[in-house]
Amino acid sequence: MVQNIFAGKKVVVGVSGSIAAFKVAGWVSDLTKEETIVSVVMTSSAAEFVTPLTFAALSGNDVHTGMFCHGKEDSMAHISIGRDADLVLIAPATANIIAKLACGIADDLLTTMVLATRAKVLICPAMNSRMYSHPTTQKNLKSLKEVGYTIIAPACGKMACREEGEGRLAEWDGVKEQLAQNLSPQDLQGQRVMVTAGPTREPFDPARFISNRSSGKMGYAIAQAACRRGAQVLLISGPSSLACPPRVTLLKVQTALEMNDAVLAHAANSSVIIKAAAVADYRPEAVSEHKVKKEKIAKELILTRNPDILLALGKRKKKGQVLVGFAAESTNLLEEGRRKLLEKNLDLIAVNDISGDTTGFEAESNQILVISASGVETLPHTSKLHCADLLLDRVQQFLNKKP
Ligand code: PMT
């Protein structure tokens, strides 16, 4: 049931001769688990480091190694492999393969296939740092960028040659995110999307606060999905242990008042605002400068109302701006959602049930009821990332409709 951007996509992985080829075996394994259809093309030097059998076993497909493996391979493999690929990833890319690609040399299956494909090409260089920084390699990389290939910069650190510097194969998490972006529709390009996430903390002394169970997972997933689809994303987050998704701008806040200031300061500049944060409705009226001794804590805490940020956004909504709220409910989901949609002047509201373990707070998955003026839709129970994409599909429809 859980779908993802990688499922069913055709990715060709071109492996050239570097010790880092063994890491790419793990990448192929991960992509295969994501249900990507992976075809591996290896140069003869790559096969000195890792056997084709390893890649065949991990991808579940035959590995292509030579132009002239008569009888065994498609005689037009150099054309057919890349013809209907969604993406070609060259990893690790040695200085030699980069130089050949930059000059249009096609003297083996991998280089010929790259010349013949019209799919997007991503290149992950991996080599000794002096080879990487050599003006010739840099000039070749620049040429490849100019023809529209994406170069994923190598990492810095200790290398197999026992030297340290820039040239280590990039880490898989970052590469995978680049693949996801390149496989995603870029239908939010040009949009400035503000997402709020996580809880707020309302302190009453330096050690104690009132908060809620929000982990930030839903909001961070929306930020990640919007960024993959080409939006410029500002994520305003309460305390959360999650890492900021790549290329998303993160603004961290603690309290509802801080979130209010940050959100209102950036609202006018946002074409889409999605408020997944669980903002505390109240805060302690008095905040002690020092930790209060337990004997001195009043049995009843006096609270004061926090501003309703979403209500304020609804009042000042700009023409063409799409405003999306969330509602965390345990009963009367539809009624509560409809009430908040109208009360806060929203375009859409996503209502989630917080009474179970598999939706709402802290869960890895979610199921939302999306309500707008034109009706109600119950979306499937799925991962938060997929749920975010489904919600963004609805936002996208709204953007298309708005003048
Ligand atoms: O972070 P996770 O663990 O992944 O959990 C996800 C979630 C359950 C927090 C999320 O999916 C969600 O439902 N977020 C909204 C929670 C909430 O505060 O709901 P509410 O019904 O109290 O508020 C309705 C809307 O008003 C929300 O968009 C909220 O951001 C906004 N609000 C509320 C109070 C306030 N003072 N200011 C606001 O802007």
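Q: In which strand is the place of P92?
A: This is a predicted model, so local features need pLDDT of at least 70 and side-chain atom pairs pLDDT 80 or more, while totals for chains, interfaces and linings use all residues. Residues are numbered from 1 along each chain as its sequence is written, and side-chain values use heavy atoms, without hydrogens or water. Strands (E, at least two residues) and helices (H or I, at least four) are DSSP runs numbered from the N terminus. The run that holds P92 spans residues 87–93 and is strand β4.

Q: What is the omega of the peptide bond from A91 to P92?
A: Most peptide bonds are trans. The bond from A91 to P92 is cis. Its omega is near -10°.

Q: Where is R247, the residue with a positive phi?
A: Most residues other than glycine have a negative phi. R247 has phi near 70°. Its place is the loop between β12 (232–237) and β13 (249–252).

Q: How far apart are the C-alpha centres of domain 1 and domain 2?
A: Domain 1 covers 10–183 and domain 2 covers 192–399. Such bounds come from an automatic or database domain assignment. The distance between the two C-alpha centres is 41 Å.

Q: How many residues surround the ligand?
A: A residue counts if one of its heavy atoms lies within 4 Å. The closest are S214, S215, K340, N352 and E362. The shell total is 27 residues.

Q: Which element gives the most to the shell around the ligand?
A: Elements supplying at least two shell residues each include α10 (217–228), α12 (309–315) and β17 (322–329). One of them gives five residues, the most. That element is β17.

Q: What is the distance from a polar side-chain atom of N352 to an oxygen atom of the ligand?
A: A polar contact here pairs N or O atoms within 3.5 Å. A backbone N or O atom of M218 lies 2.8 Å from a ligand oxygen. A polar backbone atom of A276 is 2.9 Å from a ligand nitrogen. For the side chain of N352, the distance to a ligand oxygen is 2.5 Å.

Definitions and conventions:
A polar contact is a pair of N or O atoms within 3.5 Å; within protein, one must be able to donate a hydrogen and the other to accept it, and residues adjacent in sequence count only if both atoms are side-chain atoms.
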